[in-house]
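Me: Please take a close look at the part of this structure where the ligands are held. I would like one connected account of the surroundings.

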Amino acid sequence: MSALRVVGGHRLSGEITPQGAKNEALQILCAVLLTEEPVTIHNIPNIVDVNKLIELLGDMGVQVERLGPDSYRFTAKHVNLEFLESPEYRKKAASLRGSIMVLGPLLARFGKSRIPRPGGDKIGRRRLDTHFLGFQSLGAKFNYESDSQFYSIDASNLQGTYILLDEASVTGTANVLMAAVLARGTTTLYNAACEPYIQQLSNMLNRMGARISGIGSNLLTIEGVERLGGTEHTMLPDMIEIGSFIGMAAMTGSELTIKNVRVDMLGMIPDVFRRLGIKLEIRGDDIYVPRQESYQIESFIDGSIMTIADAPWPGFTPDLLSIVLVTAIQAKGTVLVHQKMFESRLFFVDKLIDMGAQIILCDPHRATVIGMDRKNSLKGIKMTSPDIRAGVALLIAALSAKGESIIYAADQIDRGYSHIVERLQKLGAKLERIESEG
Ligand SMILES: CC(=O)N[C@H]1[C@@H](OP(=O)(O)OP(=O)(O)OC[C@H]2O[C@@H](n3ccc(=O)[nH]c3=O)[C@H](O)[C@@H]2O)O[C@H](CO)[C@@H](O)[C@@H]1O
Ligand SMILES: C=C(OP(=O)(O)O)C(=O)O
């Protein structure tokens, strides 16, 4: 296990380019299973979860060729379905969330598939009903093998139909969509998630020959086709990394330029950070964050206390709420952070409180942050990163704190942020990776 040793209190400066989007990559990589032709993908982030999925595809028989630092060609001509029965598959597929999305493509192309309970962040219940109810609507049989804890689905023929998704689940929408593209007839997916990840996936599938319309909305219409062909695809910059860097700049009082962010795909993310009082300038396709001594949280128009809450896209992504929360610690004013989707994602605030932050955890879903306006500094402590985004929030806190912090379980951060130590060192951050036990 590795840990990060961080010496806080140093300003950062310079330019940083976000990696390709983790959650998009996990969908796009699974989609290569839909065709026997080569699919070339660029801007693939070099992060643990994505590398695990690439390895899993290779184990399934997909030919994987690395073309450059972040470009690969995948050819799923021969897929070894027997591998899905192996203990190795159980171990590997269970170690990340994104593996769940092999189900839809395998079902569509081979008529059956199975997956162990997937991994990912432990941030509360993460049910999969949307996925399986969607597959069932298309005519698949679903079975949960309680002894082996495997989910299996099979169907000789998928038939398009009207599906009102149980909830606007991101991976659920991707999964059902990938099954529907090769189903007979037309599928209408209502209450579909419409994150940029899903938009990118839909556009890629159309380039492969699928017929999906309504992209960007919560109503997707999919006319099934007989087969899909190869294509080329480039991943968007990771909007969660972009938001993390905005928060990091504000908390450490730094001037940062975040390069090539695809502003048009960021939705309300810049505006939510502006509500915390952070001055952001959009310069071409870059975001410039000036050095700010003080940033004041806005109130609502009626003067009441600001609430920042998550919601399915185009609402504010839950993956940035931990970053918003930590960034508010040194703002001027008060904000209520309301994490509506996940019930265990705010518990990491006890570490921030230990560091000296003024936070009241109202209940598992809501925390009030009383900004300190830099009147008091956080102090460095030893802490353990509970999940990927809390991990980065703690890292931001540590970079802004007085003294040294140690963040254990740093591999949580590596799941989603590539070369974080080296990239932040280039901005002047004082941190290093150390080995830790356990
Ligand atoms: C690999 C991947 O892509 N992971 C992302 C994906 O996870 P994932 O696809 O697993 O998350 P879902 O969208 O299924 O749901 C997330 C949580 O929100 C709840 N929920 C969802 C939709 C809804 O309308 N109402 C509602 O309450 C669900 O019950 C669940 O607890 O989307 C999440 C929500 O953006 C992100 O946090 C994860 O980073
Ligand atoms: C929750 C996240 O990831 P996963 O769904 O892979 O656990 C995340 O990216 O914030």
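Reply: What follows goes through the two ligand shells and then two residues that belong to this part. The model is predicted.

Take ligand 1 to begin with. It is surrounded by 18 residues, and the closest are Asn23, Ser169, Val170, Thr171 and Met341. By class, this shell divides into seven nonpolar, six polar and five charged residues. Helices H1 and H6 (170–180) each supply at least two of the residues around ligand 1. The largest share, three residues, comes from H6. Domain 1, which covers 2–19 + 237–435, and domain 2, which covers 22–234, both give residues to the shell around ligand 1, so this ligand lies between them.

Ligand 2 has a shell made up of Lys22, Asn23, Asp49, Arg97, Gly98, Gly120, Asp121, Asp319, Ile388, Arg389 and Gly416. Sorted by class, the shell around ligand 2 has six charged residues, four polar and one nonpolar. Two helices, H1 (22–31) and H12 (388–400), each supply at least two residues to the shell of ligand 2. As for domains, at least three residues of the ligand 2 shell come from each of domain 1 (2–19 + 237–435) and domain 2 (22–234).

Helix H1 therefore deserves attention, because it supplies at least two residues to the shell around ligand 1 and at least two to the shell around ligand 2. An unreviewed UniProt entry carries the annotation "binding site", which covers Lys22 and Asn23.

Lys22 is among the residues around ligand 2. It counts as buried because it has 25 C-beta neighbours inside 10 Å, the threshold being 20 or more. Apart from neighbours within four places in sequence, Lys22 is in contact with Pro45, Ile47, Asp49, Val50, Asp238 and Gly416. Of these contacts, Asp49 and Gly416 are also listed around ligand 2.

Asn23 is one of the residues closest to ligand 1, and Asn23 is also listed in the shell around ligand 2. With 24 other C-beta atoms within 10 Å, Asn23 is buried. Not counting residues up to four places away in sequence, Asn23 touches Val170 and Tyr197.

Technical notes. Residues numbered from 1 in each chain as written. Chains lettered and ligands numbered in written order. Predicted model: local features only at pLDDT ≥ 70, side-chain atom pairs only at ≥ 80, totals over all residues. Near = placed C-beta within 6 Å. Helix = DSSP H or I, 4+ residues; strand = E, 2+ residues; numbered from the N terminus. Nonpolar A, V, L, I, M, F, W, Y, C, P; charged D, E, K, R; others polar. Domains from an automatic or database assignment. UniProt positions renumbered as here; feature names shortened; annotations may be inferred. Buried ≥ 20, exposed ≤ 12 C-beta atoms within 10 Å, placed from the backbone. Contact = placed C-beta atoms within 7 Å.
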